[in-house]
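Here is the note you asked for on this model. Please keep the sequence and the coordinates open while you go through the points.

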Amino acid sequence: MHTAEHVLNQTMVRMFGRGRAFSSHIERKKSKCDYRFGRELTEAEAAELERRVNEVLRSDLPVTAELVPMDKAKAELDLRRLPPEAAGGGLRVVRVGDYDACPCIGEHVASTGSIGFFRIVSSSFAAGVLRVRFRLEPPAA
Ligand SMILES: [Zn+2]
């Protein structure tokens, strides 16, 4: 679920040029991510979002974590939302193949092929916030 969230966030960034989720609630059965957005997603956009995320999952990209020196991380990543206390020393950067890189201390699957099928349950928009609810279906045997 959590690794799927990385892929979803990067796909949102690529499709709409806005930020990653500013808040998320990840659970085993169903998760949700909140984005600063101007409107509801259209049905076509939701379908395209789902299609793109699943394309990445099917590609079975390796998920790796490495400690990157802060100056290098600054050059490569958008660190605006990083808490200031993280500014010293290195930064743990999690990569999903060459699709996504983002600072994260969480746990991840070894490759996206084991995540399964990504399904958007619903999305809604209120007060400038787009909420995307999703679940995962087990990978086909
Ligand atoms: Zn993570």
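1. Basis and confidence. This is a predicted model, in which local features need pLDDT of at least 70 and side-chain atom pairs count only at pLDDT 80 or more, whereas totals for chains, interfaces and linings use all residues. Residues are numbered from 1 along each chain as its sequence is written, and side-chain values use heavy atoms, with hydrogens and water left out. The pLDDT is the predictor's confidence in each residue, from 0 to 100; its mean over the protein chain is 92, and 93% of the residues reach 70 or more.

2. Nonpolar cores. A nonpolar core is a set of buried Ala, Val, Leu, Ile, Met, Phe, Trp, Tyr and Cys residues joined through side-chain atoms within 4.5 Å, where buried means under 20% relative accessible area, exposed over 50% and partly exposed in between, with a 1.4 Å probe and protein chains only. The largest such core has 29 residues, and L8, M12, Y35 and L41 are those with the most contacts inside it. Two or more residues of this core come from each of α1, β2 (31-36), α2 (43-58), β4 (90-96), β6 and β7. A second, separate core has eight residues, including V68, A73, L77 and V93.

3. Apart from residues up to four places away in sequence, L8 touches C33, Y35, L49, V53, F118 and F134, a contact being heavy atoms within 4.5 Å. A4, in helix α1 (residues 2-16), is buried with a relative accessible area of 0%. With neighbours within four places again left aside, A4 is in contact with I115, F134 and L136, while its C-alpha atom is separated by 20 Å from that of F37, 33 residues apart along the chain.

4. A polar site at D100. Which side chains make polar contacts with that of D100? One is the side chain of Q10, at 2.7 Å, and another is that of R20, at 2.9 Å; a polar contact is a pair of N or O atoms within 3.5 Å, where within protein one must be able to donate a hydrogen and the other to accept it, and residues adjacent in sequence count only if both atoms are side-chain atoms. D100 is found in strand β5 (residues 100-103) and counts as buried because its relative accessibility is 2%. Not counting residues up to four places away in sequence, D100 touches H6, Q10, R20, V94 and R95.

5. Cysteines. With a disulfide taken as a pair of cysteine sulfur atoms within 2.5 Å, the count comes to zero. The closest cysteine sulfur to that of C33 is in C102, 11 Å away, and therefore too far for a bond. C33 is buried at 0% relative accessible area, C102 counts as buried at 11%, and C104 counts as buried at 14%. C102 lies in strand β5 and touches H6, R20, L77, R92, V93 and V94, with residues up to four places away in sequence not counted. The C-alpha atoms of C102 and D78, which are 24 residues apart along the chain, are separated by 8.3 Å.

6. Positive phi angles. A127 is not a glycine, yet has a positive phi of about 50°; this residue is exposed, with a relative accessible area of 82%. D60, also not a glycine, has a positive phi of about 50°. The place of D60 is in the loop between α2 and β3 (63-69), and D60 is partly exposed at 41% relative accessible area.

Conventions
Helices (H or I, at least four residues) and strands (E, at least two) are DSSP runs, numbered from the N terminus.
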